[in-house]
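Please open the structure in a viewer and keep the selection tool at hand.

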Amino acid sequence: MIKFKKVASGKTVFATMTNTARIAAKPYDYESTLVAIVKGGYEYSPTEGQVISGDQTINDGFGTITLTTDASSSIANLPQYKMANYYGIIFTKTVQDSVIGYQRLRKKSDLVELKSEYKVPKAIITGWTNDPKGTDSNNEYIQFMATEDIDFSKTPFSVVTTNNANASTPTGFPRKGWATGGMRTYKFNLTSGFAKKGTLFYVGGSKKLIMSTGSTSIADANWITSYDYAGNDGQGFGNKTSNLLANSGNAYGIAIFQGTEVTEQSIPEDVIFVATGGSLVGNGLGYRIANTDFYDIINPVSLKEQPFYRSGSNNNNIPYNTPSDAGYFNMMGGEYNIKLSRWTKARVKYAPILEKTSTLADIENPEFLTKLID
């Protein structure tokens, strides 16, 4: 006879915050443990009256997992939410010789609806070069994808970069966020040209070369703004610079905004940061983020406000490429679902080393680019 002995009660059980990709890779590591899957949603927009009863497929931007709820359970009639956190026990089963992890909720409070606004960004960041092989001056550029048809003469945008080297002035926390100016932030205005939904466009220096001096011209690409940032101050703020985006050390960032007026309160359409160092956030000052695959204005677990990069859980960033001056291009491949207004596959960096003879096709390779899903 097996005997059981109760050793304690009323103890708090803490959930392990993880994602579906980790569970899929090592299901036995999570079996019989309480896990939190955050920012989970369906691959459709739930309608009123749909409930979690049965087997439901949840996507958290890293992959999918099955949420299993018995029809006779007291929680079977909980509603399906557009986005929610799921706190539950991981179980495993064997399907065609593969071990699969699935999740079961325990109680009503294990399902937490997330009500933060997730709007469709009109443009998303898909790539950039910060350290071309050779001189950086006017050879750095950023690649974007339009999620709708954009006539920039009617709907202008702006792109702001931030460089947080210790010597960049003004020093300290960014007093006006993205609009701090000086050597900290630099702005480009996008006021002419057209980008069709699902196509790429470019913003950057005046050279329009794929990988600095002596390399292939990519002037035939859709350049919305090509600007002499080494010879001119930014279009609104920012001192002229020969190094728009840092090559190593402290953090740099890229943000795109609708409109050409950017203030301390402006929230970008999309934003990416590389590295973590420098005076980035404190005393109520910082670089505002958007709700993206990387960042959340409202913490998805604590539900507290965290409006800046490096505040709360907003710590995701892209690492620097090494060695420097090798000719890397940073390509960001993910999957954005326009109908669901959310990333169904978070962006992952692919960083090929380009040659001087590389062509536009090498940085517009659909195999590695972010994909739009209607």
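For the classes used on this tour, Ala, Val, Leu, Ile, Met, Phe, Trp, Tyr, Cys and Pro count as nonpolar, Asp, Glu, Lys and Arg as charged, and the others, Gly among them, as polar. Please note also that this is a predicted model.

**First stop: the second largest cavity**

Select P121, I124, E269, D270, N291, T292, Y336 and W343, which line the second largest cavity. This cavity has a volume of about 30 Å³. How many residues of each class does its lining hold? Four are nonpolar, two are polar and two are charged.

**Second stop: the largest cavity**

By the rule applied here, there are two cavities of 30 Å³ or more. The next selection concerns the largest cavity, which holds about 80 Å³ of space. Select N130, D131, N247, Y320 and N321; among the 14 residues that line this cavity, these are the closest to its centre. The lining as a whole consists of seven nonpolar, five polar and two charged residues.

Now switch to a cartoon display and turn to a sheet. Four strands form an open sheet in the order β12-β11-β16-β17, and their pairing is antiparallel. Which strands lie at the edges? Select residues 185-190 for β12 and residues 270-274 for β17: these are the edge strands, and each pairs on one side only. From one strand to the next, the twist averages 15°.

To view a pair of bridge partners, select I254 together with I272, its partner in β17. Residue D270, already selected at the first stop as part of the lining of the second largest cavity, falls within the range of β17 (270-274).

Begin with V38, K39, F62, D293 and N316, which lie nearest its centre among the 28 lining residues. Then display β1 (16-18), β2 (34-40) and β19 (342-350), each of which supplies at least two residues of the lining. Which of these strands gives the most to the lining? Strand β19 does, with three residues. By class, the lining of the largest pocket comprises 11 nonpolar, 10 polar and seven charged residues.

Technical notes
Residues numbered from 1 in each chain as written. Predicted model: local features only at pLDDT ≥ 70, side-chain atom pairs only at ≥ 80, totals over all residues. Heavy atoms only, no water. Pairing = 2+ DSSP bridges. Axes fitted to C-alpha atoms, helices over the stretch in contact; angles between N-to-C directions. 1 Å grid on protein atoms, 1.4 Å probe; cavity = no way out; pocket = protein on both sides within 12 Å on 5 of 7 lines; lining within 4 Å. Points joined across faces, edges and corners; volume = space filled by probe spheres on them.
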